[in-house]
Amino acid sequence: MPEGHVIHRLAREHQAALADEALAVSSPQGRARAAADELDGMTLLAVDAVGKHLFYRSVGATLHVHLGLFGRFRSYRSDPPPPRPTTRLRFQGGGVTIDLLGPTDCRIVDPGGEDEIRDRLGPDPLRADGEVEEFVRRLARRRIPIGAALLDQSVLAGVGNIFRAEALFVTTIDPLRPAGSLRLEETTALWKTIRSMMRRGVRLGRIITREPAELGARSRSSIRSANALYVYKRQSCVRCRGPIASAKIGGRSLYWCPGCQS
Ligand SMILES: [Zn+2]
């Protein structure tokens, strides 16, 4: 599943490409025909990302999209290919075609429906309205391991499996500690680390958590994927050379260094 930085990048790209354009919207697959009929011919005002959720806003109608595990977008600047049998929605406007395939959710929501979705989400570190105080408040109540809590979208919105492992390593927090046992300065450091890693992800379009200087690299773009991360899917620790541990925590494989994170 894409992490929040991918969703925020999509929101920016789609807003830049389609906003202020009268859109032609269709559902070649037919499964989102009601949404397509409602949006067709409307002018798109804005695209908003909240955690892993996207909201496409036009006058009087908002489309909610959640990609889930298998959903994806395809964009075409010129002559798009014919839609596939699985194309849920096709947006066209301003010389751009954007296809949405296989999302978990794709429907028109009214303000109440949007509130319902957003009320279930913790603060999003990539949004201006994401507040560390809210993160602290939501963590304080949890007895589950911090490694699991970071994947819980009602604690923190947008964080996925790679960012949680990398941020816990950088802040040297043992992922097995109960979430509610973290001190305020640890929680604050975790928030700041996640936010800066994710902002970098939005900027670069890929996840690089290690510093170029640490790798002797001239720039972030010259960092190879194998060197981009501290602990995720690694065998040995880049700092202490000790073995990296891994276990299913919060339903996904988490990687950490028991030597550095204690
Ligand atoms: Zn280590």
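Me: Which residues does G130 touch, not counting residues up to four places away in sequence?

Reply: G130 touches P123, D124 and W191, where contact means heavy atoms within 4.5 Å. Before we go on: this is a predicted model, in which local features need pLDDT of at least 70, side-chain atom pairs count only at pLDDT 80 or more, and totals for chains, interfaces and linings use all residues. Residues are numbered from 1 along each chain as its sequence is written, and side-chain values use heavy atoms, with hydrogens and water left out.

Me: Why is G130 called buried?

Reply: Buried means under 20% relative accessible area, exposed over 50%, and partly exposed in between (1.4 Å probe, protein chains only). G130 has 15%, so it counts as buried. You will find G130 in the loop between α3 and α4 (132-140); helices (H or I, at least four residues) and strands (E, at least two) are DSSP runs numbered from the N terminus.

Me: What makes the D48 and R57 pair a salt bridge?

Reply: A salt bridge needs a side-chain nitrogen of Lys or Arg within 4 Å of a carboxyl oxygen of Asp or Glu. For D48 and R57 the N to O distance is 3.0 Å, and the pair qualifies. R57 is buried at 19%, while D48 is partly exposed at 23%. By this rule the count comes to 17 salt bridges.

Me: What do E214 and R239 tie together?

Reply: Their side chains meet in a salt bridge at 3.8 Å, N to O. E214 lies in helix α8 and R239 in the loop between α8 and β9, so the pair ties together parts that are 25 residues apart in sequence. Elsewhere, salt bridges that share partners join D48, R57, E114, R118, R127 and D129 into one network.

Me: Which residues gather in a patch of negative charge?

Reply: D110, D115, E116 and D119 do. Asp and Glu count as negative, Lys and Arg as positive, with His and the chain ends not counted; the charge is placed at CG of Asp, CD of Glu, NZ of Lys or CZ of Arg. D115, in helix α3 (residues 111-119), is partly exposed at 44%.

Me: What is the phi of K233 near?

Reply: Phi of K233 is near 60°, a positive value in a residue other than glycine. Most residues other than glycine have a negative phi. R241 also has a positive phi, near 70°. K233 is exposed at 56%, and R241 is exposed at 63%.

Definitions and conventions. Patch = residues over 30% accessible without salt bridge, like charges linked within 9 Å, V, L, I, M, F, W, Y side chains within 5 Å. Areas by Shrake-Rupley, 256 points an atom, 1.4 Å probe, with all protein chains shown as cover.
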